[in-house]
Amino acid sequence: MRKPVIAGNWKMNKTKLESIKLVTELRNLIPRTTGVDIIIAPPFTALTYVFEAISGSSVTLAAQNCHWEDSGAYTGEVSPPMLKDLGCSYVILGHSERRQYFGETDSTVNKKLKSVLRSDLIPIMCVGESLEERRQEKTFSVVEGQMKKGLAGLTSADFSEIIIAYEPIWAIGTGETATPAQAQEVHQLIRKILGELFGKNKAVQTRIQYGGSVKPENIDELMAQEDIDGALVGGASLEARTFAKIINFKPGD
Ligand code: PGA
């Protein structure tokens, strides 16, 4: 069975003190051990403080982006070994906001993914279609392209774990969630592609998160879907009580 994995992507929110406050509230609301992997992705500036604040809890740390080189003349960038050094276990890659505003492409996602794996971190690779692409019935081909290009050149021997996050762009921050059935059919496609690329075992083991307006009101029915193994939560992760409710979702039968 795949262990559920719930991640909070804070995006460009929370100062140092706000971060410590939020994560301290959160850890008091969740059991010390849970059947869920819990990940927080604060901005780079808060990583160290959040790492200290989650010590001894079941919460783990992610970064929201990274560069593909380990070090060098890349002003303003942060590398996977630096993130590892600060206590990160995961790095989110290819978020649609990075693709839309910062020129992230499948090819840079691919380079970053390999670099993250080299540093013994777990990538959370985001894929998802725009509203226009969904209207034109291109969802499957867009997601397939992002998967194959983002994971190009990797074999199943190259990694022990990768997490995929399916985030339809039209559902991010809009309050509009994909229906459980809409999400499930894309998750199923993603698992099929993983099988083609890496074999059945890896496909069965790999966790696929849904992201896009996840909230306490819709988490149960999303998690009840066969191929939905977790959530990547934006807005609703910025409030401890709300995020704790999502973490404490009710597993279906
Ligand atoms: P949202 O963001 O939950 O605010 O829609 C999700 C994400 O961008 O990861």
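Where is the place of Asp106 in this structure? I began with that residue and found that Asp106 sits in helix H5, where helices are DSSP runs of H or I with at least four residues and strands are runs of E with at least two, both numbered from the N terminus. The model is a predicted one, in which local features need pLDDT of at least 70 and side-chain atom pairs count only at pLDDT 80 or more, while totals for chains, interfaces and linings use all residues. I number residues from 1 along each chain as its sequence is written, and side-chain values use heavy atoms, with hydrogens and water left out.

**Entry 1**

Not counting residues up to four places away in sequence, Asp106 touches Arg99, Gly145, Gln146, Lys149 and Gly150, a contact being heavy atoms within 4.5 Å.

Val109 is also found in helix H5, and I recorded a relative accessible area of 1% for Val109, which is buried. With residues up to four places away again set aside, the contacts of Val109 are Leu93, Gly94, Arg99, Glu104 and Met125. I also checked the pair Val109 and Asn65, which are 44 residues apart along the chain, and their C-alpha atoms are separated by 9.7 Å.

What is phi of Asp120 near? I read a value near 65 degrees, which is positive in a residue other than glycine. Asp120 is found in the loop between helix H5 (106-118) and strand S5 (122-127), and at 62% relative accessibility Asp120 counts as exposed. Ser119 is found in the loop between H5 and S5, but Ser119 is buried, with a relative accessible area of 12%, and touches Pro80, Pro81 and Lys84 when residues up to four places away in sequence are not counted.

I then turned to Pro4, which lies in the segment before S1. Pro4 and Lys250 are 246 residues apart in sequence and 11 Å apart in space, C-alpha to C-alpha. Beyond four places in sequence, the residues that Pro4 touches include Gly35, Val36, Asp37, Arg207 and Phe249.

Lys14 has its place in the loop between strand S1 (5-9) and helix H1 (16-29), and I noted a positive phi near 85 degrees for Lys14, a residue other than glycine. Lys14 is partly exposed, with a relative accessible area of 27%.

Leu29 lies in helix H1 and is partly exposed, with a relative accessible area of 30%. Leaving aside neighbours within four places in sequence, I found Leu29 in contact with Ala240, Arg241, Ala244 and Asn248. The C-alpha atoms of Leu29 and Phe249 are separated by 13 Å, and these residues are 220 residues apart along the chain.

**Entry 1: helix H8**

How many residues does helix H8 have? I counted 19 residues (180-198), reaching 26 Å from the first C-alpha to the last, close to the 27 Å expected at 1.5 Å a residue, where the expected span is 1.5 Å times one less than the number of residues. Among the buried residues of H8 I listed Pro180, Ala183, Gln184, Val186, His187, Ile190, Arg191 and Leu194. An α-helix has 3.6 residues a turn, so residues three or four places apart point the same way. H8 is followed by Gly199, whose phi is positive, near 95 degrees.

**Entry 2: the ligand**

Finally I examined the ligand, around which there are 13 residues, with Lys11, His95, Glu167, Gly173 and Ser213 coming nearest; a residue is near if one of its heavy atoms lies within 4 Å. By class, the shell has four nonpolar, seven polar and two charged residues.

I found an oxygen atom of the ligand 2.7 Å from an N or O atom in the side chain of Glu167, an oxygen atom 2.7 Å from a polar backbone atom of Ser213, and an oxygen atom 2.8 Å from a polar backbone atom of Gly234. Taken alone the ligand exposes 280 Å², and the protein buries 94% of that, areas coming from the Shrake-Rupley method with a 1.4 Å probe.

Methods: A polar contact is a pair of N or O atoms within 3.5 Å; within protein, one must be able to donate a hydrogen and the other to accept it, and residues adjacent in sequence count only if both atoms are side-chain atoms. Ala, Val, Leu, Ile, Met, Phe, Trp, Tyr, Cys and Pro count as nonpolar, Asp, Glu, Lys and Arg as charged, and the others, Gly among them, as polar. Buried means under 20% relative accessible area, exposed over 50%, partly exposed in between (1.4 Å probe, protein chains only).
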